[in-house]
Amino acid sequence: AAGVLAGAESGVGEREALGADAKRAIGEAAQRYLPPAGGSVLFDAGTTTIAAAREVPVGQRLTAITNSLPVASALAGRDGVALHMLGGRIRGLTQAAVGSGTVAEIGLLHADVAFLGTNGIGAHRGLSTPDADEAAVKTALIRAADFVVLLADSSKFDHESLVAFGGLGEIDVLIADAAPTGALATALADHGVDVVVAQ
């Protein structure tokens with residue numbers, strides 16, 4: 001089976017309330033993948049990447065670049081964080097900057113790490129999201145980073161959204177609240193993706 005096709009896209013506020021503890025644990029686990037002091041991190045839009053931004057240790061020195069208003073809000077004013085907000089049209093539903101200008105801006109970047117979110121992850125179709133503009137931004141973020149960390153709670157496993165934006169072979173680490181099983185687990189192993197279960 002191709003997996004479950006996800007239904008209507010929900011807003012960031014509604015999604016933040018769902019699985020908040022799991023997302024916080026994933027965000028905490030993501031901190032071990034921050035680059036050395038002074039490195040650069042791309043933060044994708046999404047509730048799990050917001051959780052990761054909130055967990056960045058106080059005093060951590062890094063350059064943070066994001067298209068997400070909530071991520072920017074979480075990191076604004078932090079000592080040690082040089083924050084850069086990507087421009088573009090803001091999608092009200094996800095509070096993310098999108099559009100051709102956003103994609104072009106990311107294309108000029110070369111970052112150490114990207115923290116990426118997804119609406120679906122499946123063995124056959126890889127990573128997917130409901131909106132084509134957000135998908136284009138996510139693809140650009142993958143290409144701009146040396147190391148890609150996917151942050152996804154287990155509700156995203158074996159789900160497919162409308163637009164594919166990346167293959168499993170393009171991510172280095174998956175951090176989730178539970179271990180994938182079945183075909184997804186096999187596909188991740190085949191592509192050499194390290195799976196970390198957040199406790």
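**Sheet, helices and surface of the predicted model**

At 34% relative accessibility, Asp158 counts as partly exposed, a label for residues that fall between buried (under 20% relative accessible area) and exposed (over 50%), judged with a 1.4 Å probe and protein chains only. The model is a predicted one, in which local features need pLDDT of at least 70, side-chain atom pairs count only at pLDDT 80 or more, and totals for chains, interfaces and linings use all residues. Residues are numbered from 1 along each chain as its sequence is written, and side-chain values use heavy atoms, with hydrogens and water left out.

Asp158 lies in the loop between strand E10 (145-151) and strand E11 (159-160). Here, helices (H or I, at least four residues) and strands (E, at least two) are DSSP runs, numbered from the N terminus. The backbone is worth a look at this point: phi of Asp158 is near 60 degrees, a positive value in a residue other than glycine. Most residues other than glycine have a negative phi. Gln95 also has a positive phi, near 55 degrees, and is not a glycine either. Its place is the loop between E5 and strand E6 (96-98), and with a relative accessible area of 31%, Gln95 is partly exposed.

Strand E5 (residues 89-91) holds Ile90, which is partly exposed at a relative accessible area of 38%. Together with Leu69 and Met85, Ile90 forms a nonpolar patch on the surface, and the three have about 230 Å² of accessible area together. Such areas come from the Shrake-Rupley method with a 1.4 Å probe, and for residues only the protein chains shown count as cover. Patches are made of residues with over 30% relative accessible area and no salt bridge, where like charges are joined within 9 Å and nonpolar side chains (Val, Leu, Ile, Met, Phe, Trp, Tyr) within 5 Å. A salt bridge, in turn, is a side-chain nitrogen of Lys or Arg within 4 Å of a carboxyl oxygen of Asp or Glu.

Next comes the sheet. Three strands make an open sheet in the order E8-E9-E12, with antiparallel pairing; two strands pair if DSSP finds at least two bridges between them. Strand E8 (120-122) and strand E12 (163-166) stand at the edges with a single partner strand each, so one side of each is left without a neighbour in the sheet. From one strand to the next, the twist averages 35 degrees. E8 and strand E9 (residues 126-129) are joined in the antiparallel sense over three bridges, and Gly126 in E9 is the bridge partner of Gly122. Helix H6 (residues 132-144) lies across E9 and E12, running at about 10 degrees to E12. Axes are lines fitted to C-alpha atoms, for helices over the stretch in contact, and angles run from 0 to 180 degrees between N-to-C directions.

Gly122 itself belongs to strand E8 and is buried, at 6% relative accessibility. Not counting residues up to four places away in sequence, Gly122 touches His159, Leu168 and Leu184, contact meaning heavy atoms within 4.5 Å. The C-alpha atoms of Gly122 and Pro180 are separated by 10.0 Å, with the two residues 58 apart along the chain.

Finally, helix H3 (residues 47-54) includes Thr48. This helix is mostly covered, as seven of its eight residues are buried, among them Thr47, Ile50 and Ala53. Thr48 is buried too, with a relative accessible area of 3%. Leaving aside neighbours within four places in sequence, Thr48 is in contact with Lys23, Ile26, Leu151, Ala152 and Asp153.
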